[in-house]
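Good morning, colleagues. Please look at the sequence and the structure while I go through confidence, nonpolar packing and aromatic pairing.

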Amino acid sequence: MTRLPIFVLSTFLSSGSTALAQWSVFEFGPGTQLSGVHGSQQVGGSPSGASLWTGSPASLIALGAAQVYATDGVQQVGKSNANTAVLCSGSAASLVDLHPDFYAVSTATGVDGNFQCGSASHSLSTYACLWSGTSDSVV
């Protein structure tokens, strides 16, 4: 038996003093991994690489990276096929390489407004990183 990844979206509606829950369930297909959600955006990986959805499998947008781990509803972060941290804003054309100089690999794992967080490694050490939209902004 093949199991397909599913994603459940819930919406809470308020009617006077009563709260009502509304649920939607989607099957995103084989090979799909969901790793982040914010508002109406879902991010993760699919057979086509880093992916962004807005509530249904048909809304898939390929982001031109290897994997996306998080979204703040506007921007998405993850890693490229070359294992470098990346930032996207809803399309492959918006991809920004955040990889800091002098590191072997990097990954962005969180985003909120103007800031992205993650890590970068070289030799035997891994360091926490904070970016603000460019590779030069890393601290």
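**Confidence, cores and an aromatic pair**

This is a predicted model; the average pLDDT of the protein is 85, and 81% of the residues reach at least 70. Residues 1-15 have a pLDDT under 50, and for them the model has 40 contacts beyond four places in sequence. Where pLDDT is low, the predicted coordinates should not be read in detail.

I turn now to the packing. The largest nonpolar core has 10 residues, among them Ala-70, Val-77, Leu-98, Val-111, Cys-129 and Trp-131. Two or more residues of this core come from each of β9 (85-88), β11 (105-112) and β13 (125-131).

What does Leu-98 touch, leaving aside residues up to four places away in sequence? Its contacts are Ala-85, Val-86, Leu-87, Ala-108, Gln-116, Trp-131, Gly-133, Thr-134 and Ser-135.

Next, the aromatic rings. How many aromatic pairs does a search of the whole structure find? The search gives 1. The pair consists of Tyr-103 and Tyr-127, with ring centres 6.0 Å apart; the planes stand at 75 degrees, over the 60 required, so the pair is edge-to-face. Tyr-103 is in the loop between β10 (96-97) and β11, whereas Tyr-127 is in strand β13, so the pair ties together parts 24 residues apart in sequence.

Are these tyrosines buried, partly exposed or exposed? Tyr-103 has a relative accessibility of 28% and therefore counts as partly exposed. Tyr-127, with a relative accessible area of 36%, is also partly exposed.

Definitions and conventions:
Residues numbered from 1 in each chain as written. Predicted model: local features only at pLDDT ≥ 70, side-chain atom pairs only at ≥ 80, totals over all residues. Heavy atoms only, no water. pLDDT = per-residue confidence, 0-100. Contact = heavy atoms within 4.5 Å. Core = buried A, V, L, I, M, F, W, Y, C linked by side-chain atoms within 4.5 Å. Buried < 20%, exposed > 50% of the residue type's maximum accessible area, 1.4 Å probe, protein only. Helix = DSSP H or I, 4+ residues; strand = E, 2+ residues; numbered from the N terminus. Phe/Tyr/Trp six-rings, centres within 6.5 Å; stacked < 30°, edge-to-face > 60°.
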